[in-house]
Amino acid sequence: MAATISVHQKVSCSVRSNAPLRVRNAPHSIKCARASVLRSKTLNLGRSRTAGTVTTGRGVLSISCAATADSPPADEETFEYQAEVTRLMDLIVNSLYSSKEIFLRELVSNASDALDKVRFESLTSSDEVGDTSNIEIKIKCDAEAKTLVIEDNGIGMTKEELVDSLGTIARSGTAKFMEALKERNEDSNLIGQFGVGFYSSFLVADKVTVASKSYKEDGTWQWESAMGTSSYTIREAEDPLERGTRITLYLKEEAEEFATPSRITGLVKTYSEFISFPIKVWSSESVPKQVIDEEATKKAKEEAAAKAEEGAEPEEVADIMKTEYDEVWDWQTQNDSAPIWVRSAKDVTTEEYATFYKSAFKEFMDPAAQTHFSVEGDIEFKSILFVPGMAPFEQQDMMRPKNIKLYVKRVFISDEFDDDLMPRYLSFVKGVVDCADLPLNVSREILQESRTVRIMRKRLVRKSLDMLDDLARAEDKEPYKQFFENFGRNLKLGIIEDEPNRKALSKLLRFNTSKRDVTSLEEYVADMPESQTTIYYLAAGSKDAALNAPFMEGFKKRDLEVIFLTEPIDEVAITNLGKFADKDLVDITKEDVDFGDDAEKEEEEAREKEYEGLTTWMKETLGEKVEKVVLSKRLGDSPCMLVTSKFGWSANMERIMTAQAMGDSKSLEYMKGRKIMEINPDSPIIQSLKDKCSAPDDQSAQICTLLFDTALLTSGFVVEEPSEFASRIFTLMNTAAGTESKVSGEGADGVVEPEVMGKDDDAWA
């Protein structure tokens, strides 16, 4: 304890022997001594001395001290926390667990720990422990008595251990046993750790009795307690055990379902199917047997006798048998399935994987792929992951899946942790994860955020992507093609959401192109000509629409391959990807697409000057509808098209975003790309307008506006004023037919107004 010296005329302090001294509040004459005091660091007064001196350059500093211990002041008292046991039990029973059925998982896990303990003890004390060759867990229901009995022939408990383990809430006998094992450098597969799992019995029971016999003493002791009380009793049991523990639950009225073997069997298969010890349930099964069908045999004999009376030779009629079923009650083992994830991957066959997958996830098709691995190091866990052979029938099954089954030491914990262990885009992956180091809450129903969870998630994602990569690179391409049809959108979502794994995900993408049906980005880059430096793509509603778009004319002419994005998520994913193999991904519906034709630049510049008057006039005619009008180097037959600025939405994205049910029309205006009109100088229509633009008339302006409207349609935009567009079409048709536009009701602005038919004009009258 460091002492602080408050210095005035006389220095006094409370200091422990050999404690460093610090000076504060000293007058100037004393401050000069502070450096010397602190340099000496310690004023050794001894245990009996109360005063001392420090010699400084300015004189002698006298210090009187009262040596004290580290004990608290005399007026300070220490209190122990108190707990209202009844309230605490109520919290444990009704607040920790969300489902009543969890009680069986907890009690079976405790029984499994008891069997593990007796197996460990038998290694060093086999004579005292006794026979451990047939250790097992038995569960028996009694619907009439409304009881449920869980019995094991494990380690058992002495009277003292009953008091310590069951009489002390949150004390875990398993945790204590594990500490002893650690001191002996031995490993275990014990499950319990919190010391409250046993009290989940009161979720379904009004009263619980525990009879237990330890190999350490002769007697069998019975512990008993009831819900709503703060006490328990212990006495010698009337029905002694050889070794082990028997728990009897006296079920509540609302929990009588747990007194039926079928319900218990289902829970065992759900939560404890892979416990390493046999779990037997007292249940019935229908056993077939062959018996004589008296009625059928009698009838057959009568028919044979009738034929004999008619003169036919008598026939010997054999007894006719029928199958009847006897209900036989016996101990039925419920956990025959082996946890294949604890085995080495090289020892498990493809058929075993498929069988396990169908059984665990209620599927009827084999998985498309699987990966089996174990992770060791700071965190240890084993896992098997599967890629389903088909997509779920219901869309909501993909959005809220229960595909990752979490186990702790072979005990099923939950399938509600998908969001914690897998990102959203890999929600289709099914599998099991068995880890002993998970940071679960006491009820084992909440997975707490921690470094352990983050590491597990990272490893699971990496293994999933490796599994998909192996499937994609297999010689048989059909399985991956089928997979991508089912789950390709998930991978594109991953491109958007998972930046660290974007590179790996990009290799798994597949697209249609202008030259082939399905290809990867790697194959596209490998087939690019040397002069091509970028990857071209076009977003459209379908492959046919993309092929016929005016944007494709220049690429067809140059024999360049273009990737088609035909799903709504495609363009967002590719925009987030940005590059692949150090090559930019370029949208051919945007401005300034470069073909790398440097030799044609001089000719293009000359043409731009030639058509400068036309482009200027068209921009003035169209006004704010377009940002500018330029000559196109990618049009072939079409007279014009509309492209967008580099940093705005394309026509396809604008159409998708406008169709959103919850879209904000005001904010959409900020994201729309500026429209740029590209005209084809080789088109007869453009050449005709070029001749007229020096002295334009109304017809030239109408043609210019009509070109803009048609370009909207062919470029994927929506015509905002369809009635005016229709009017211009009708005017053009009238002109082509050699007639003047004289339509009744035509307004001064050229818009055709609808004609209202009266009753007298009814054509159907």
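This is a predicted model: local features need pLDDT of at least 70, side-chain atom pairs count only at pLDDT 80 or more; totals for chains, interfaces and linings use all residues.
1. Overall make-up. The protein has 765 residues, and 43% of them count as buried. It contains 25 helices and 26 strands. Take the contacts between residues at least 6 apart in sequence: 68% of these join residues at least 24 apart. The exposed surface comes to about 43000 Å², with carbon and sulfur atoms supplying 47%.

2. Strand 7. This strand spans residues 147-152. Five of its six residues are buried, so the strand is mostly covered, buried meaning under 20% relative accessible area.

3. Pairing with strand 6. Strand 6 covers residues 137-142 and runs antiparallel to strand 7, joined by six bridges.

4. Pairing with strand 11. Strand 7 is also joined to strand 11 (residues 244-251) by six bridges, again antiparallel. Here Glu151 stands opposite Arg246 of strand 11.

5. Helix 7. This helix runs over residues 261-271. Its residues Pro261, Ile264, Thr265, Leu267, Val268 and Tyr271 are buried. Viewed down the helix axis, the buried residues fall within an arc of 165°, so they line one face of helix 7. An α-helix has 3.6 residues a turn, so residues three or four places apart point the same way.

6. What helix 7 packs against. Its buried residues pack against strand 6 and strand 7, among other elements. The partners also include helix 3 (102-124), strand 12 (279-292), strand 13 (321-333) and strand 17 (411-414).

Terms used
Residues are numbered from 1 along each chain as its sequence is written. Side-chain values use heavy atoms; hydrogens and water are left out. Buried means under 20% relative accessible area, exposed over 50%, partly exposed in between (1.4 Å probe, protein chains only). Helices (H or I, at least four residues) and strands (E, at least two) are DSSP runs, numbered from the N terminus. Two strands pair if DSSP finds at least two bridges between them. The arc is that of the directions from the helix axis to the C-beta atoms. Contact means heavy atoms within 4.5 Å. Accessible areas come from the Shrake-Rupley method with a 1.4 Å probe; for residues, only the protein chains shown count as cover.
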